[in-house]
Each structure stands twice: as C-alpha cells, then as structure tokens.
Amino acid sequence: MITIPENDHGHIRVFANSEALPEAARDKTPEGIVALFGATLDPTYVDIVQISDLGGMTLSTYIAEGYDMVADPVDKAAVDAIEGTAILVLSRATDGQAATFTLAPGIRHVTTYSPTAKISPPEVLASASAQGNLDTAPVKPPKSNARIGGMVAMYALIFMFAFIAVIIWIAG
C-alpha cells in the first residue's frame with residue numbers, strides 16, 4: 001500500500017507493470033484506474049507508457065523532457081530498467097485529497113520524482129540609493145491643522161491692526 005498525503009504537489013510516482021493491462025486500464029477509464037490502484041484518480045493525470053513506443057528514448061529521458069523532472073542517478077537506473085509498461089501518476093491525479101493505493105498484482109512502485117526547489121540568492125543592489133537614508137538628526141514634527149489655523153488668524157489680526165492704524169493716521 002502507498003499513501004499519498006493530502007495536498008501533495010509536484011510529484012510523479014513511477015510504477016512498473018509486469019502483466020498485461022486490462023483494456024479498461026489501457027483506455028484510462030475511471031474503472032480501469034481503480035482496478036490498478038484501488039483508488040479513484042483523475043485519469044487525465046495518469047500516463048500509461050509502453051516502453052516499446054519510446055523507440056530509442058529511455059523512460060527517464062521521456063520524464064525529463066515531458067515533465068521537466070530530472071531523477072538522481074540511482075532512480076534513473078531503476079526507471080530505465082522498467083520493461084513492458086510504465087504508469088506515471090502525477091500528484092494532481094488525487095485532486096489534493098489523501099489517497100491510499102492498493103496496487104493490483106504485477107504493479108510495483110519504482111520511485112517518486114520530486115520537484116527541485118528553485119531558490120536563487122538575493123541580488124546585491126549596486127545603486128547608492130539602495131543604501132538608504134540613515135540620517136539620525138531629529139525630525140521636526142509636521143504642523144497640525146489647528147496650529148496652521150491659529151497662525152492664519154494671528155496674521156489676519158496683525159494686518160487688521162496695521163490697516164486700522166493707517167486709517168487713523170490718515171484721518172488724523
């Protein structure tokens with residue numbers, strides 16, 4: 001039995017088949033897939049590969065070129081040793097649900113391809129502006145609306161006082 005965890009993502013499970021597949025399984029009908037694995041899978045994400053159909057290409061090359069997944073040398077040797085029929089089950093076949101495979105007679109699990117993490121180191125920024133502003137001088141807080149309104153009123157009163165003083169001086 002093989003257990004696939006919930007929300008499994010990006011894996012390809014490779015199975016070898018040593019016996020003739022039933023027609024329903026070759027046609028990837030839901031019933032045929034259940035007969036092979038004992039679990040309901042989306043047949044769209046199950047690939048049945050006849051090794052003889054690959055011509056001069058190895059199964060590991062087929063997986064590397066078709067699914068962009070490269071195996072380590074030990075897995076590559078095991079995958080390339082499969083004769084007859086290989087069954088590739090992608091993680092999406094379980095639709096994010098946990099599943100337990102009960103393999104039909106003649107089917108064995110060979111390996112599981114896992115995605116490689118693509119982590120790139122951070123780039124060093126060359127621009128001088130990337131250094132940031134580390135000025136530690138105290139910053140004056142912005143003026144509040146009440147303070148601005150008080151200043152306008154004060155200037156208006158000073159102007160009115162000067163204007164009245166000029167009128168009294170002219171009249172006098």
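This is a predicted model: local features need pLDDT of at least 70, side-chain atom pairs count only at pLDDT 80 or more; totals for chains, interfaces and linings use all residues.
**Exercise 1. Find how many salt bridges a search of the whole structure gives, and then look at the residues involved.**

Step 1. The search turns up one salt bridge, meaning a side-chain nitrogen of Lys or Arg within 4 Å of a carboxyl oxygen of Asp or Glu.

Residues are numbered from 1 along each chain as its sequence is written, and side-chain values use heavy atoms, leaving out hydrogens and water.

Step 2. Arg 13 and Asp 8 are joined by a salt bridge between their side chains, with 2.9 Å from N to O.

Step 3. Arg 13 and Asp 8 are both buried. Here buried stands for under 20% relative accessible area, exposed for over 50%, and partly exposed for what lies in between (1.4 Å probe, protein chains only).

**Exercise 2. Describe where Asp 8 is found and what it touches.**

Step 1. Look in the loop between S1 and strand S2 (12-17), where Asp 8 is found. Strands (E, at least two residues) and helices (H or I, at least four) are DSSP runs, numbered from the N terminus.

Step 2. Asp 8 counts as buried because its relative accessibility is 11%.

Step 3. Leaving aside residues up to four places away in sequence, Asp 8 touches Arg 13 and Ser 91; contact means heavy atoms within 4.5 Å.

Step 4. The side chain of Asp 8 also has a polar contact of 3.0 Å with that of His 11. Such a contact is a pair of N or O atoms within 3.5 Å; within protein, one must be able to donate a hydrogen and the other to accept it, and residues adjacent in sequence count only if both atoms are side-chain atoms.

**Exercise 3. Work out which elements supply the largest nonpolar core.**

Step 1. This core has 19 residues, and Phe 15, Phe 37, Leu 41, Ile 87, Val 89 and Phe 101 have the most contacts inside it. A nonpolar core is a set of buried Ala, Val, Leu, Ile, Met, Phe, Trp, Tyr and Cys residues joined through side-chain atoms within 4.5 Å.

Step 2. At least two residues of the core come from each of strand S1 (2-4), helix H2 (30-37), strand S3 (46-50), strand S4 (85-90) and strand S5 (99-101).

Step 3. H2 gives the largest share, three residues.

Step 4. Another core, of 16 residues, lies apart from this one and has Val 49, Ile 63, Met 69 and Ala 86 among its members.

**Exercise 4. Compare Asn 7 and Asp 95, which have a positive phi.**

Step 1. Neither is a glycine: Asn 7 has a phi of about 60 degrees, and Asp 95 has one of about 55 degrees.

Step 2. Asn 7 sits in the loop between S1 and S2, while Asp 95 sits in the loop between S4 and S5.

Step 3. Asn 7 is exposed, at 59% relative accessible area, and Asp 95 is exposed too, at 63%.
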